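Please consider the protein shown here, together with its sequence.

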Amino acid sequence: MTISCQAAMESAKPLEPFNYEPKDLGPKDIEIAITHCGVCHTDVHLIDNDWGISSYPLVPGHEIVGTIAALGSEVTHLEAGQRVGVGGQAGACCECEQCEKGQDIFCGSSIYTAVHDFGGFATAIHVDSRFAFPIPESMASEIAAPLLCAGITTFVPLRKYVNSTSKVGVIGVGGLGHVALQYANAFGCEVTAFSTSPDKSDEAIALGAHHFVNSKDPAQMEAVAGKLDFILSTVSADLEWGPYLGALAPNGTICVVGVGETITIPAVPLIFGQKTITSSLIGNRSDFKEMLAFSAMHNIAPRVEVVPMSQAADAINQVRTARLGHRIVLENK
Ligand code: NAP
């Protein structure tokens with residue numbers, strides 16, 4: 001079979017049509033006929049080789065939803081025709097110490113989607129069936145797609161660090177941030193959105209924020225000083241961290257999931273407030289199942305703009321430049 005995709009042939013180059021012949025299905029693999037794939041800022045980082053891990057041709061896409069077209073000989077927990085989703089990890093050994101601990105994201109043999117193999121801006125993909133998650137029946141495929149990266153990456157740290165009395169900030173109302181606002185609200189928190197885009201205020205409030213702070217306005221930043229227990233940063237660029245440390249209450253925590261180049265933290269407010277900086281990477285297999293069930297139960301619904309897969313190059317340009325407050329989802333018709 002031939003898989004048709006959209007690929008970057010070199011670093012930072014526009015996507016163009018590309019075909020490849022996939023490897024034969026292994027016994028634990030499945031073939032997914034892709035219907036939808038979300039466009040994440042990580043796709044831009046990978047196309048541009050920002051992290052020095054990209055190889056070309058590079059087929060982006062790690063928010064994949066589709067139906068199972070074929071199963072390897074040992075796959076018994078899924079069936080042909082079933083709707084499944086795949087995120088940023090498409091395989092692991094499932095036997096090493098990290099996998100045994102349920103931390104398969106740290107497996108040394110991890111196959112990161114679009115890094116170690118071709119990704120989901122394509123008609124189909126072959127993946128390890130243990131990294132394909134059934135989509136809840138009530139959830140539309142275009143809604144499920146962004147949850148497989150934007151959802152899992154924000155759900156996991158919020159579930160770990162907050163409770164229903166927490167005052168939570170989310171920095172950046174983008175693909176990840178607009179979903180994080182919904183989760184933080186669903187966890188019962190008092191939620192503050194920090195954004196460089198004042199025109200996102202109404203949308204942020206509609207998504208679950210109780211307060212909106214224009215982070216470019218020093219007076220608005222000063223007004224939240226010392227108020228928050230936990231801040232999740234979803235920004236795809238370097239930040240000036242001092243004002244955000246200032247927004248934390250003593251013993252508060254900032255968790256960084258957005259990937260800039262460096263994180264420079266002023267030591268005095270960190271130590272004198274006994275504050276913590278931490279990070280979080282996507283999620284493990286068990287987290288995906290919990291995230292999908294939680295999202296279905298609480299109607300967590302990314303705002304999506306569905307466009308044909310053939311418009312992938314334009315979608316990447318928009319994510320690169322437009323500071324979108326929603327997710328673009330590519331669709332195969
Ligand atoms: P996105 O849709 O482009 O949203 C990023 C948001 O950050 C923008 O909408 C904007 O929000 C804000 N922003 C952008 N540039 C900024 C700047 N220079 N200064 C201040 N704010 C800025 O991106 P995304 O898809 O949500 O991804 C966000 C980041 O998360 C990326 O770096 C991605 O690689 C990373 N990521 C990490 C993981 C993980 O496992 N840790 C998983 C997935 C993605 P406002 O307009 O509201 O300011």
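This is a predicted model: local features need pLDDT of at least 70, side-chain atom pairs count only at pLDDT 80 or more; totals for chains, interfaces and linings use all residues.

Guide: Residues are numbered from 1 along each chain as its sequence is written, and side-chain values use heavy atoms, with hydrogens and water left out.

Visitor: Which element gives the largest share of the lining of the second largest pocket?

Guide: A pocket is, on a 1 Å grid over the protein atoms alone, an open set of points where a 1.4 Å probe fits, with protein on both sides within 12 Å along at least five of seven lines; lining residues have an atom within 4 Å of a point. The second largest pocket is lined by 19 residues, among them Lys23, Asp29 and Val127. Two or more lining residues come from each of β6 (89–91) and β8 (124–128), strands being DSSP runs of E with at least two residues and helices runs of H or I with at least four. The largest share, four residues, comes from β8.

Visitor: Is alanine 186 buried or exposed, or in between?

Guide: Alanine 186 belongs to helix α4 (residues 175–186). Buried means under 20% relative accessible area and exposed over 50%, with partly exposed in between (1.4 Å probe, protein chains only). At a relative accessible area of 27%, alanine 186 is therefore partly exposed.

Visitor: How far apart in space are alanine 186 and valine 127?

Guide: Valine 127 is one of the residues nearest the centre of the second largest pocket. Alanine 186 and valine 127 are 59 residues apart in sequence, and their C-alpha to C-alpha distance is 32 Å.
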